[in-house]
Amino acid sequence: MSLSNALNWLGMPCWKPPFGELVAIDMHTGDVKWRKPLGSSQRYGFFMPESMGSPTIGGPAVTKSGLIFIGSTMDAKARAFEVNTGTELWSDQMQAPVVANPAVYSYKGKEYVAFIAGGNSILKPAVGDQVAVYALP
């Protein structure tokens, strides 16, 4: 079995952008609260504009305090967003795409978020073995 994205000669997906989005839905009404392109598509050493987003694999973790943590993009970044507005608060570059959902946990009264950057050949050929853990303020 083979699974891949249809790409043009520039390495961009062959569908109308954005190629990936982060969308917040009001669970009481079903209305879309906000939506924004997520990540940057990257091929051949350069990134497409962030307004185009990136194909994604993986989901977010949402905290009680209103933070969304997600990897899942071709540009191999881990990101944090504010849940009510979608404002990006933080990002960090990983070794490879983060396709696993982030883990949020407490240890000795402090909260942490962990990302596993293992990669996936559907997004790009880079693979890694990085575990990145960040303490939350």
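Strands β9 and β10 pair in the antiparallel sense over five bridges. The model is predicted: local features need pLDDT of at least 70 and side-chain atom pairs pLDDT 80 or more, whereas totals for chains, interfaces and linings use all residues. Residues are numbered from 1 along each chain as its sequence is written, and side-chain values use heavy atoms, without hydrogens and water.

**Exercise 1.** Determine the strand order of the open sheet that contains β9 and β10.

*Solution.* Strands are DSSP runs (E, at least two residues), numbered from the N terminus, and two of them pair if DSSP finds at least two bridges between them. The open sheet has three strands in the order β9-β10-β11, with antiparallel pairing. β9 and β11 are at the edges, each with a single partner strand, so one side of each lacks a neighbour in the sheet. From one strand to the next, the twist averages 20 degrees (axes are lines fitted to C-alpha atoms; angles run from 0 to 180 degrees between N-to-C directions).

**Exercise 2.** Classify isoleucine 116 and serine 40 as buried, partly exposed or exposed.

*Solution.* Buried means under 20% relative accessible area, exposed over 50%, and partly exposed in between (1.4 Å probe, protein chains only). Isoleucine 116 belongs to strand β10 (residues 110–120); its relative accessibility is 42%, so isoleucine 116 is partly exposed. Serine 40 lies in the loop between β2 (32–37) and β3 (42–43). With a relative accessible area of 4%, serine 40 is buried. Beyond neighbours within four places in sequence, the contacts of serine 40 (heavy atoms within 4.5 Å) include Phe47, Met74 and Arg79.

Methods. Helices (H or I, at least four residues) and strands (E, at least two) are DSSP runs, numbered from the N terminus.
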